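Hello,

Here is the structure I promised to hand over. My notes on it follow below.

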Amino acid sequence: MPQVFKPKANTLSWLIMAGIVVVPLAVALFGIVYEHSANATRVDLVRDQPVPFSHKHHVGDGGIDCRYCHSSVETSAVAGVPPTETCMTCHSELWTSAAMLAPVRRSLSANAPIRWTRVHDLPDYVYFDHSIHIAKGVGCTTCHGEVETMPLMRKAHTLTMGWCLDCHRAPEKYLRPLDRVFATDWSPPPDQITQGVRLVQAYHIEVDHLADCSVCHR
Amino acid sequence: MTPLLRFPPALACAALVCLPGCRQEMDVQPKLLPNGPASGFPQNAANRSLPAGTIARGDVVADDLAHAPPPVTLALVERGRQRFDVFCAPCHGRAGDGEGMIVERGFPKPPSYLETRLVAAPADHFFDVITYGYGAMYSYAARVPAADRWAIIAYVRALQVSQRADLAAKVTAGGPP
C-alpha cells in the first residue's frame, strides 16, 4: 500500500498550524491599523463640495463669528447648515456674478437647498448635541480644529468613540470659560488642568456619569 | 471541491478577511436627520418649511414681544453686545459706525448709528429693520429672535451714548473719566 501522506504533507501541516495562529492575528492587526488610518477615519480628507466654501476666507480673514451661519448651535442639537438666504445676505451684493457661486444663485432661484457633502458624520446611533457642549464650555475648535485656517473643510479629529471618551472621562483637559467658546485663537493655558477642574465644578458637570452609555446612545 | 473548501482553517481565515467588508447598518439608519435628504418630500429635504398660513408654536409669544420691549438691564445690554458682534458687526462695525469688514470688501456701507437721524429714531425702527431688513440688508428675523432684537437695540443705544459722549462734560459733572 502506498503512503497516504507524502513528505510534503508535513510541511503543509506545519504551515496550516502556523497559519491558524498567524493569519487571524495579522488580520486583527490590519483591522486595528486600518481603523486608525486616515482612510477609515477620513481625518484631513477634503471632500468634493458643490461650492468650494472657504472657512479661512469667511472666518479667518473676514472675522465672521461661527454663529452668524451656524445659528442654532447654542440652542439645538445641530449647529445648522445655513439656508441659501444666509449666503445671499452678503452675496446679493458681493461676487454677484462669480462662476464659483453659481450653485448658490441657482439654489436661491430654484428654492432648492444646496447639497453639501457632510464632513463630520457620526454614526446614526450617536445622539450628539451641540448646545450642551457649548453651554458647558467645550469650544468649537476643540472638536473641529482650526477651522479659520482651512480653505476647504476637513475633519481635524477622528470623532471615534475613544476620542469622545478622552474628553468625557477627563473634561478638565479641554473646558474653557464660556466667553471663549467661539474664540478661534484659544489654546489651553499653562494651568489648564487647574482651570478645568474649577470649570467642571462651576458648570456642574457630573464627570462620574459623563461616560455612561446612555449619555450618547439611546 | 476547490482548494479553499478543502481546508476549513483557510476558509475561516478567508471569512475573517471579509469581515471588515460588512457594513454595519446601524451606522446609517433609515431615519430622517436634520439637514438630510428626505425623498418623497418636496425639495428632497428633511427640514420642512411651514405650510402657508400656519403659525409655529411660540410665534404668538414672539409677536407679543415685538410690542413689549423688556426692561433694560445690564444683562440685556451685555446679551445685546454679544448678539450685535455676531450678527451686526460684520457690516455695521463693532463701534456701530458702519465700517464693518464686509463693507471693506465692497458691501454698500450702512449708515452710522451715530447719525442724528438714527439717534432720534424710535426703538421700533431698529426692531422693524432687524425683522424685515432695509435696503441691501436682509431680514435677520430667522437668526435673531425677538428678545435678542430688543437686546441688540439696547446695545445700539449704548453705542450711541458712548460714541457721542462728551468727555469734558462728564469730568466736570463728576462722573467717571
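**The second largest pocket**

Three helices each supply at least two residues to the lining of the second largest pocket: α4 (66–69) and α7 (130–135) of chain A, and α4 of chain B. Helices (H or I, at least four residues) and strands (E, at least two) are DSSP runs, numbered from the N terminus. A pocket is found on a 1 Å grid over the protein atoms alone, as an open set of points where a 1.4 Å probe fits, with protein on both sides within 12 Å along at least five of seven lines; lining residues have an atom within 4 Å of a point.

This is a predicted model, where local features need pLDDT of at least 70, side-chain atom pairs count only at pLDDT 80 or more, and totals for chains, interfaces and linings use all residues. Residues are numbered from 1 along each chain as its sequence is written, chains are lettered from A and ligands numbered from 1 in the order in which they are written, and side-chain values use heavy atoms, with hydrogens and water left out.

The pocket's volume is about 760 Å³. That volume is the space filled by probe spheres set on the points, which are joined across faces, edges and corners. The lining has 27 residues, and the closest to the centre are Asp65(A), Arg67(A), Phe182(A), Val86(B) and Arg94(B). α4(B) gives the largest share, five residues.

Chain B has nine helices and zero strands. Of its 177 residues, 29% are buried (under 20% relative accessible area, 1.4 Å probe, protein chains only).

The largest nonpolar core has 32 residues. Such a core is a set of buried Ala, Val, Leu, Ile, Met, Phe, Trp, Tyr and Cys residues joined through side-chain atoms within 4.5 Å. Phe84(B), Phe87(B), Ile102(B), Phe126(B) and Ile152(B) touch the most other members. Two or more residues each come from α4 (74–92), α5 (101–104), α7 (123–132) and α8 (146–163) of chain B. The largest share, nine residues, is from α8(B).

Which residues does Phe84(B) contact, leaving aside its neighbours within four places in sequence? Among them are Arg94(B), Tyr113(B), Ile152(B) and Leu159(B). Contact means heavy atoms within 4.5 Å.

**Helix α7(B)**

Phe126(B), Phe127(B), Val129(B), Ile130(B) and Thr131(B) are buried in α7(B). The buried residues of this helix pack against α3 (59–66), α6 (116–120) and α8 of chain B. Gly133(B) follows α7(B), with a positive phi near 85°.

Best wishes

Conventions:
Buried means under 20% relative accessible area, exposed over 50%, partly exposed in between (1.4 Å probe, protein chains only).
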